[in-house]
Amino acid sequence: MNKFLNYSFLIRIGLGIIFVANALTAFFAPAEFTEIIKNSFVANFLPISPEAFVGIVIGFNDAIVGLLLIGGIATRRVAIWATIWLVGVMVVIGSPFDVLEHSGLLFMSLALILGDKYLTKNI
């Protein structure tokens with residue numbers, strides 16, 4: 001297999017695209033994220049409005065994480081942050097079906113943390 005086209009590359013690009021898509025949603029169609037934040041316990045702890053939180057924190061976080069993953073920059077460290085972020089998202093959302101959906105992304109980020117040498121050892 002091509003050294004650039006491996007499992008880690010495909011997972012990294014896929015997860016990066018998802019983060020970029022979420023960033024674009026936060027910037028251009030933030031109503032869904034704003035509603036989730038307003039209906040969660042997080043709204044009580046925010047020093048800024050949920051609208052500003054979605055645009056600034058979620059939008060920029062997801063854009064930076066996505067671009068770093070796509071660019072292959074500090075992949076393991078970015079994947080650790082993505083894992084922490086995704087666990088936080090799952091706690092905030094709390095809906096069983098949404099948590100199930102985000103579990104797939106969580107496993108993608110965990111795969112990036114572990115790396116190819118652990119995941120493809122016996123294949």
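## Starting at T75

T75 sits in helix 4, which covers residues 75–93; helices here are DSSP runs of H or I with at least four residues, strands are E runs of at least two, and numbering starts at the N terminus. This is a predicted model, in which local features need pLDDT of at least 70 and side-chain atom pairs count only at pLDDT 80 or more, while totals for chains, interfaces and linings use all residues. Residues are numbered from 1 along each chain as its sequence is written, and side-chain values use heavy atoms, with hydrogens and water left out.

T75 counts as buried because its relative accessibility is 17%; the cut-offs are under 20% for buried, over 50% for exposed and in between for partly exposed, with a 1.4 Å probe and protein chains only. Leaving aside residues up to four places away in sequence, T75 touches R12, L69 and L112, where a contact means heavy atoms within 4.5 Å.

## The step into helix 4

A74 belongs to the loop between helix 3 and helix 4. What is the phi of A74? It is near 50°, a positive value in a residue other than glycine. Most residues other than glycine have a negative phi. With 33% relative accessibility, A74 counts as partly exposed.

## Helix 4 itself

Helix 4 has 19 residues, which should span 27 Å at 1.5 Å a residue, and its end C-alpha atoms are 26 Å apart, so the two agree. The expected span is 1.5 Å times one less than the number of residues.

Which residues of helix 4 are buried? They are T75, V78, A79, A82, T83, W85, L86, M90 and V92. The cover over these buried residues includes helix 1, helix 2, helix 3 and helix 5. Just past the end of helix 4, G94 has a positive phi of about 70°.

## Helix 5

Helix 5 runs over residues 96–114; it has 19 residues and reaches 26 Å from first C-alpha to last, close to the expected 27 Å. Its buried residues are H102, S103, L105, L106, S109, A111, L112 and I113. L112 is also among the contacts of T75. Just after helix 5 comes G115, with a positive phi of about 85°.

## The nonpolar core

The largest nonpolar core has 23 residues, and those touching the most other members are L15, F19, I37, V54, I58, V65 and L69. Such a core is a set of buried Ala, Val, Leu, Ile, Met, Phe, Trp, Tyr and Cys residues joined through side-chain atoms within 4.5 Å. Two or more residues come from each of helix 1 (7–28), helix 2 (31–38), helix 3 (50–71), helix 4 and helix 5. Helix 4 gives the most, with 7 residues.

Take I37 as an example: beyond residues up to four places away in sequence, I37 touches A43, L46, P50, F53, V54 and I58.

## The whole chain

Zooming out, the protein chain has 6 helices and 0 strands. Its C-alpha atoms fill a box of roughly 50 × 25 × 20 Å along the principal axes. Of its 123 residues, 35% count as buried. Among contacts with a separation of 6 or more, 66% join residues 24 or more positions apart.

The accessible surface comes to about 7,700 Å², with 70% belonging to carbon and sulfur atoms; areas come from the Shrake-Rupley method with a 1.4 Å probe, and for residues only the protein chains shown count as cover.
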